[in-house]
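Hello,

Here is the structure I promised to pass on to you. Have a look at it first, and then read my notes below.

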Amino acid sequence: MKCVFVQIRCKPGETYRVADELYKREVASELYSTSGDYDLLMKLYIEDGKDIGKFINDNVLDIPGISRSLTTLTFKAF
């Protein structure tokens, strides 16, 4: 499994609705509200061999209210 972090910027007033939808879809291992340029930080695990971009596009970015995302791939836990 690959650990992936996705930062999500939401349209004004949509953060709670986006967070609720992410939990309904059960894609997030952990989900946090954050300060700064992005509103949410999501940690998820994607099966080895799966296309990470397609998984995020199909399971996350089609949620109404998301205006931008930033995906960070991880390589090694220390």
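Predicted model: local features only at pLDDT ≥ 70, side-chain atom pairs only at ≥ 80, totals over all residues.

A residue is called buried under 20% relative accessible area, exposed over 50%, and partly exposed in between (1.4 Å probe, protein chains only). By that rule Lys-43 is buried, at 18% relative accessibility.

Residues are numbered from 1 along each chain as its sequence is written, and side-chain values use heavy atoms, leaving out hydrogens and water. The protein chain has a mean pLDDT of 95.

Now to the salt bridges (a side-chain nitrogen of Lys or Arg within 4 Å of a carboxyl oxygen of Asp or Glu). There are five in the structure. Lys-43 pairs with Glu-30, with the closest N and O atoms 3.5 Å apart. Glu-30 is in strand 2 and Lys-43 in strand 3, so this pair ties together parts 13 residues apart in sequence. Strands (E, at least two residues) and helices (H or I, at least four) are DSSP runs, numbered from the N terminus.

Which residues are linked in a network of salt bridges? They are Glu-21, Arg-25 and Asp-62. Arg-25 meets Glu-21 at 2.9 Å, N to O, and Asp-62 at 2.6 Å. Arg-25 lies in helix 1 and Asp-62 in the loop between helix 2 and strand 4, so their bridge ties together parts 37 residues apart in sequence.

Enjoy exploring!

Technical notes. pLDDT = per-residue confidence, 0-100.
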